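Trainee: Could we go through this one together? I'd like to learn how to read it residue by residue.

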Amino acid sequence: MRRARFGAEGALASHFNYRLLLEFGGSGTEGPARINDAWIAYTGLAPFSFQLGAFSPPSNMDDGTS
């Protein structure tokens, strides 16, 4: 195995979601491990949600819409 991703995703209480995704491995030019996603979101003000942490921004129309 050259690369592995391990993580957890779920909900806390009724208005919070979270994700922690770590990436291990690589071709030798990368570090031993890195955080791919680490965020928590508040969803109690539907249809809005507020996300805080380290995550990639939406890059295309599929990522930006539900």
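Trainee: Which residues does Tyr42 touch, not counting residues up to four places away in sequence?

Mentor: Before the answer, note that this is a predicted model, where local features need pLDDT of at least 70, side-chain atom pairs count only at pLDDT 80 or more, and totals for chains, interfaces and linings use all residues. Residues are numbered from 1 along each chain as its sequence is written, and side-chain values use heavy atoms, with hydrogens and water left out. With that in mind, Tyr42 touches His15, Phe16, Phe48, Ser49 and Phe50, where contact means heavy atoms within 4.5 Å.

Trainee: And how many residues apart in sequence are Tyr42 and Phe16?

Mentor: They are 26 residues apart in sequence, yet 4.7 Å apart in space, C-alpha to C-alpha.

Trainee: Where is Tyr42 placed?

Mentor: Tyr42 lies in strand β3, which covers residues 33-45; strands are DSSP runs of E with at least two residues, numbered from the N terminus. Ile40 is found in strand β3 as well.

Trainee: New topic: is Glu23 buried or exposed?

Mentor: Glu23 counts as buried because its relative accessibility is 5%, and buried means under 20% relative accessible area, exposed over 50%, and partly exposed in between, with a 1.4 Å probe and protein chains only. Tyr42, at 29%, therefore counts as partly exposed.

Trainee: Which residues does Glu23 touch, again leaving out those up to four places away in sequence?

Mentor: Glu23, which is found in strand β2 (residues 16-25), touches Arg3, Ala4, Arg5, Pro32, Ala33, Arg34 and Asn36.

Terms used. Helices (H or I, at least four residues) and strands (E, at least two) are DSSP runs, numbered from the N terminus.
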